[in-house]
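Colleague: Could we go through this model together? I should like to begin with the overall picture and then turn to the packing.

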Amino acid sequence: MTGMPIEDEDGSEPGGIDSPGRAILPEKEPGAFRTISEVAEDLDLPQHVLRFWETRFTQVRPLKRGGNRRYYRPDDVDLLRGIRRLLYGQGYTIRGAQRVLRERGMRFVQAVGRGEQVAPAFVESDHEPEPETAPPPLGRADRASLTAVLDELRACRRALGRLAPPRQETDG
């Protein structure tokens with residue numbers, strides 16, 4: 001079949017007036033490997049995002065061939081789809097998605113990618129939660145002791161400042 005043009009579904013040749021610029025190729029088998037461009041197009045993501053995710057999610061390990069070309073297995077694509085759903089669909093941060101992978105496992109995130117599971121709602125927090133009750137207020141004696149310690153520390157700082165040689169600025 002060499003030399004024969006690939007026809008669009010309507011029978012017209014590619015590159016014609018109505019053509020979007022690409023011929024429609026037959027769909028790959030479900031178990032076939034996908035290139036990074038195919039996966040990026042399928043997930044509606046730029047290729048550099050997929051490469052970045054490889055650095056942040058150790059579970060994303062495409063097969064690499066000559067010229068460092070990446071080939072993604074169907075499980076890799078499901079994992080990427082799950083990561084995408086966590087990040088863009090459910091509002092997880094990268095750290096939150098990493099935590100889901102660590103706590104729930106790769107199979108769970110792949111199932112999220114296939115739409116078989118839904119990740120729990122997650123609120124990311126960089127600080128410790130506030131205690132439920134405020135600590136009791138300081139008594140007069142405790143407050144006086146802390147004030148005396150603070151005054152002593154300030155006096156030490158002033159004494160050290162007088163002993164230290166003056167700082168000389170240097171040119172870079």
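Modeller: Of the 172 residues of the protein chain, 23% are buried, meaning under 20% relative accessible area with a 1.4 Å probe and protein chains only. This is a predicted model, in which local features need pLDDT of at least 70, side-chain atom pairs count only at pLDDT 80 or more, and totals for chains, interfaces and linings use all residues. Residues are numbered from 1 along each chain as its sequence is written, and side-chain values use heavy atoms, with hydrogens and water left out.

Colleague: What does the protein chain average in pLDDT?

Modeller: The average is 78, and 71% of the residues score at least 70; pLDDT is the predictor's confidence in each residue, from 0 to 100.

Colleague: Where does pLDDT stay under 50?

Modeller: It does so over residues 1-25, for which the model has 17 contacts beyond four places in sequence; contact means heavy atoms within 4.5 Å. Where pLDDT is low, the predicted coordinates should not be read in detail.

Colleague: And how many helices and strands are there?

Modeller: The protein chain has 6 helices and 3 strands, in the order β-α-α-β-β-α-α-α-α from the N terminus. Helices (H or I, at least four residues) and strands (E, at least two) are DSSP runs, numbered from the N terminus.

Colleague: At what angle do H1 and H2 pack?

Modeller: Helix H1 (residues 36-43) and helix H2 (residues 47-56) pack at about 105 degrees, with their axes 9 Å apart. Axes are lines fitted to C-alpha atoms, for helices over the stretch in contact, and angles run from 0 to 180 degrees between N-to-C directions. H1 is therefore roughly perpendicular to H2, a term for angles of 65 to 115 degrees.

Colleague: Which residues of H1 and H2 meet?

Modeller: Ile 36, Ser 37, Val 39, Ala 40 and Leu 43 in H1 meet Gln 47, Leu 50 and Arg 51 in H2.

Colleague: Changing topic, which residues of H3 meet H4?

Modeller: Leu 79, Ile 83, Leu 86 and Leu 87 in H3 meet Ile 94, Ala 97, Val 100 and Leu 101 in H4. The axes of H3 (residues 74-89) and H4 (residues 94-104) come within 9 Å and cross at roughly 130 degrees.

Colleague: Which residues of H5 are buried?

Modeller: In helix H5 (residues 106-114) they are Phe 108, Val 109, Gln 110, Ala 111, Val 112 and Gly 113. H3 and H4 are among what covers them. Gly 115 follows H5, with a positive phi near 85 degrees.

Definitions and conventions: Buried < 20%, exposed > 50% of the residue type's maximum accessible area, 1.4 Å probe, protein only. Parallel < 35°, antiparallel > 145°, perpendicular 65-115°, else oblique.
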